[in-house]
Amino acid sequence: MSSRQNPEPMTIEEGCKLIDAAVTKLTRIIEGKPEPPFASHEYIGNYTIVYNMCIQKPPYDLSGQLYEKYGAIFQDYDKDTILPSIMEKHDEYMLRELSRWSDINKIMVRWLSHFFYYLDRYYIARSGNSSLTVVGMTCFRDHVYEKVHFNVKQVVIALIHKEREGQQIDRALLKNVLDLFVQNGMGNMERYEKDFEDFFLTETNSYYSRKASRWIQEDSCPEYMIKAEESLKKEKERVSHYLHSDTEPKLLKNVQTNLLVLVAKQLLEKENSGCSALLRDDKTDDLSRMYRLYHEIPEGLEPVAVAFRLHVTAEGNSLIKQAEDAATSGIVEEQVLVRKIIDLHDKYMAYVTDCFQNHTLFHKALKEAFEIFCNKKVAGSSSAEMLATFCDNLFKKAANDKSNDDSTIESTIDNVVKLLDYISDKDLFAEFYRKKLARRLLFGRFSDDHERSILTKLKGQFGGQFTSKMEGMVTDMQLGKDQQTGFEEYFKNTNTGKPKGVDFTVTVLTTGFWPSYKTSDLNLPLEMVNCIESFKAHYEIKTKHRRLMWIYSLGNCNLTGRFDAKPIELIVSTYQAAVLCAFNNTERLTYQELIDQLNLGHEDLVRVLHSLSCAKYKFLKKEPASKTISKTDSFEFNSKFTDKMRRIKVPLPPVDDRKKVVEDVDKDRRYAIDASLVRIMKSRKVLPHQQLVSECVEQLSRMFKPDIKMIKKRIEDLISRDYLERDTENPSTFKYVA
Amino acid sequence: MHKLSRSNRDKLQQFVAITGASDKNALQALKASDWQLEAAFDVFYSQPQPRSNGDMRRLEELYNRYKDPYSDMILAEGISVLCSDLQVEPQDIVTLVLSWHMNAATACEFSKEEFFGGLQALGVDSIGKLQEKLSFMRSELKDEQKFHEIYNFAFGWAKEKGQKSLALDTAIGMWQLLFAEREWPLVNHWCDFLQDRHNKAISKDTWAQLLEFARTVDPALSNYDAEGAWPYLIDEFVEYLYDKSVVEK
């Protein structure tokens with residue numbers, strides 16, 4: 001190959017003729033028409049034509065015109081050949097044409113860039129024009145793409161719709177076509193987004209909106225959710241097959257909004273199959289699906305959590321109502337109710353941990369639900385009292401019936417501690433528990449292990465202050481045993497005035513740990529007095545600085561009643577024993593004489609006499625034989641009494657404590673509020689009313705929910721006691737008075 | 001006698017009307033402050049009142065007229081003589097204002113110091129002059145700031161010595177008296193409420209806050225803030241008003 005030796009420069013017209021010939025050959029080849037390929041000399045020749053024309057001396061340096069020519073080649077080809085072919089076709093065929101011609105165009109750009117390469121190297125570099133490749137691609141965009149993209153998009157969307165409705169489509173083709181959209185953006189995604197994606201998303205929106213309306217009417221909640229899950233899966237696949245990955249988040253959001261967010265309320269509240277029903281019927285799979293679906297959506301879980309909370313609250317409330325209705329004459333079956341609440345808690349906690357993946361939103365919903373119904377009163381009993389009674393019965397049974405294995409007791413204790421967390425009046429529970437604990441420790445059998453176990457758990461959850469008194473009580477019982485041994489020893493060794501034939505046990509209680517009891521100046525029978533005195537002597541030797549206060553109301557006695565038929569052992573309280581022993585010396589006593597002799601209060605004496613003469617066992621004969629005790633009655637030892645049993649326990653019905661407990665707790669609360677207010681003001685010095693109240697409530701919330709009115713009253717009290725004062729400028733702000 | 005310009009004469013008049021000072025003292029104060037009224041007030045109130053011997057003697061005479069024969073105080077009888085001399089009823093609210101000027105510790109008693117102090121503060125040394133001051137003292141009740149002081153003073157003055165709170169009957173009486181000057185439409189309901197629902201003594205805080213309440217909350221309770229720092233009793237009062245349908249919720 002030799003460069004032209006001819007000194008005559010080639011004109012543009014001559015050059016174009018040669019170039020056109022080459023182009024024609026090229027197009028024939030790349031269009032697949034029968035045409036021999038370019039021989040290497042032809043190839044080089046084409047390059048040389050351009051080269052020579054460029055290096056010619058001015059005015060024959062034809063670089064600029066050649067550049068124009070290059071552009072014109074593509075323009076003409078696009079307009080005359082490519083575009084018409086595509087426009088001729090429809091639907092899928094059009095897509096295929098487009099795809100085909102796009103490929104052809106690319107090849108042509110490549111070949112012609114080689115032919116015109118010299119321009120790229122020198123002319124373009126110097127003049128700063130777009131490269132040959134860019135020119136070629138831009139021409140295609142401007143003369144082909146711009147003209148057809150609208151129709152193409154319509155076809156694509158129609159195909160997608162077809163696929164959504166279940167038919168097979170040519171995915172590879174769609175991928176190619178959509179790639180074209182991207183490519184024609186020339187470096188950014190604008191063409192893809194504006195010419196295709198936006199329309200696609202709009203179409204998707206209406207498609208799923210229609211589906212949602214239909215499905216929500218026809219399908220049950222689980223069925224709907226399955227369809228929703230399927231849809232989302234399919235759309236994801238669609239992206240991987242032919243959509244651009246950028247589309248995925250927008251697409252999924254679109255589908256989720258239509259299928260899950262907009263219909264959330266209807267879906268979750270569906271009668272017979274919605275969230276409530278699923279929870280009731282234990283449909284864990286469906287609930288897990290619900291969680292999975294809504295978890296993806298920002299804030300999507302909220303309506304589910306609300307539905308959960310409402311359902312649990314409704315269940316709890318109905319348990320409360322059942323118990324209320326079943327309560328006959330004001331007595332609540334708290335054993336049954338508490339067990340049911342525990343079971344409810346276990347059931348729904350299982351949902352939270354399994355189906356709802358331990359999500360905090362659901363823990364919170366469960367807590368809120370329980371807090372609502374666990375604080376309701378049933379037939380006058382507060383939940384705090386009921387829980388304390390429940391524990392009482394649990395331990396009493398456990399102590400008497402060793403067959404209950406420890407692990408069930410332990411797990412019940414755990415449940416009790418959990419429930420207590422939901423009850424706002426924890427201090428009320430503590431007080432009731434303490435009172436009942438006292439009775440358990442003093443009157444029945446108790447299991448040291450169980451008692452300590454629950455106290456440890458309560459301490460762990462609510463702090464040492466909560467349980468310190470109760471722990472003290474249990475410890476007292478432990479120490480009491482050692483004490484009693486010491487007492488016995490004392491008698492063995494000293495042999496001073498040991499009461500003849502009377503076995504005597506003393507339990508020493510530390511005041512402050514135990515609930516407060518009334519003392520009484522009961523005149524005991526002589527035998528008992530001796531016992532008391534001897535213990536006092538022993539105790540004074542042991543400890544100098546303690547004062548003993550005798551609580552006869554808590555004691556009990558075993559007496560033998562020598563009835564005519566047979567002697568019967570009577571197990572009675574100390575008060576009852578004192579009354580019975582009074583008849584050792586006289587056959588007959590009037591009410592008044594008993595009062596004088598025993599120095600008991602009227603209420604107490606009436607109760608005792610009733611239990612001995614008007615109840616099931618009539619150890620005393622009463623005159624007149626009415627059902628109630630009056631101050632003019634007289635009593636006689638009933639020697640004719642007998643029973644088939646050899647041992648009879650006569651319980652003295654306890655006085656109803658409830659009002660007193662509530663009063664005591666209220667009193668303690670007033671002190672707690674005072675202390676809290678002073679503490680807050682001491683550290684803050686100046687604080688507006690609202691903040692003072694809310695900080696006080698927060699500080700005390702661990703133990704109880706303080707009544708705002710009570711807080712206000714305490715604030716006023718502190719003002720009158722000169723702990724606080726109002727700010728003179730602003731009377732709703734308080735200042736600490738040092 | 002200096003010739004005073006018209007504006008200065010006006011200022012002098014104003015000064016006397018407001019402070020109740022004698023012309024001589026007023027002139028002195030105004031001159032000392034270059035005829036600036038505000039500054040003159042400061043001067044006047046911060047100066048100890050000069051006591052001339054003549055004044056003291058007259059006050060002494062007056063005091064002896066009313067003082068109790070057995071103790072060095074003016075007691076109830078003396079006070080009723082004083083009232084009749086002034087030609088006012090003993091229950092007239094002006095006696096409260098007078099007690100306020102005296103800074104009297106408790107009702108129905110004036111110590112010698114209190115008596116002297118009060119009369120000197122008013123710038124009088126005779127019954128006649130005191131009588132002239134009566135209308136001025138009544139006008140003081142119309143002044144917002146002074147009424148506030150007098151009202152708060154009344155609590156300590158009306159209560160029993162040694163008690164922390166004010167007995168309910170006395171409190172109600174005082175309120176009726178004070179609010180007659182101030183026109184608070186709810187005063188009767190307040191008194192009914194207390195007798196109906198409260199029946200206990202009134203604390204200082206409640207007393208003070210009631211004035212705030214009367215001053216700031218409108219009788220239809222439209223701007224009453226239930227979450228506010230009002231004393232418990234006032235919250236109860238609002239409940240009462242709703243209960244009795246005096247006010248719509």
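## A guided tour of chains A and B

Begin in chain A, where the three strands β7, β9 and β8 form an open sheet in the order β7-β9-β8, with antiparallel pairing. This is a predicted model. Please select residues 686-688 and 724-726 of chain A: these are β7 and β8, the edge strands, each of which pairs on one side only. On average, and with direction ignored, neighbouring strands of this sheet are turned by 30° against each other.

Which residue of β9(A) is the bridge partner of A:P688? The partner is A:T733.

Next, select residues 708-720 of chain A, which make up helix α28. This helix packs on the sheet and touches β8 and β9 of chain A. The direction of α28 makes about 100° with that of β8(A).

**The helix pair α17 and α20**

Now select residues 383-400 of chain A, helix α17, together with residues 448-462 of chain A, helix α20. Their axes come within 10 Å and cross at roughly 150°. Angles over 145 degrees count as roughly antiparallel, and α17(A) and α20(A) are therefore roughly antiparallel to each other. The crossing of α17(A) and α20(A) is right-handed.

To inspect the contact, show the side chains of A:C391, A:F395 and A:A398 on α17(A), and those of A:H450, A:E451 and A:I454 on α20(A). The residues of this contact divide into four nonpolar, one polar and one charged.

**The domains of chain A**

Colour chain A by its domain assignment: domain 1 (12-187), domain 2 (380-462), domain 3 (479-552), domain 4 (555-655) and domain 5 (658-736). Then display domain 3 and domain 4 of chain A together; their centres, taken over C-alpha atoms, are separated by 25 Å. How many residues does each of these domains of chain A bring to the contact? Domain 3 supplies ten residues and domain 4 supplies 13 residues.

**The domains of chain B**

Finally, turn to chain B, for which the domain assignment gives domain 1 (6-46), domain 2 (53-142) and domain 3 (145-244). Select domain 2 and domain 3 of chain B: 28 Å separate their centres, again taken over C-alpha atoms. The contact takes 16 residues from domain 2 of chain B and 14 residues from domain 3 of chain B.

Key. Residues numbered from 1 in each chain as written. Chains lettered and ligands numbered in written order. Predicted model: local features only at pLDDT ≥ 70, side-chain atom pairs only at ≥ 80, totals over all residues. Heavy atoms only, no water. Axes fitted to C-alpha atoms, helices over the stretch in contact; angles between N-to-C directions. Helix = DSSP H or I, 4+ residues; strand = E, 2+ residues; numbered from the N terminus. Parallel < 35°, antiparallel > 145°, perpendicular 65-115°, else oblique. Left-handed = near helix turned anticlockwise from the far one by under 90°. Contact = heavy atoms within 4.5 Å. Nonpolar A, V, L, I, M, F, W, Y, C, P; charged D, E, K, R; others polar. Pairing = 2+ DSSP bridges. Domains from an automatic or database assignment.
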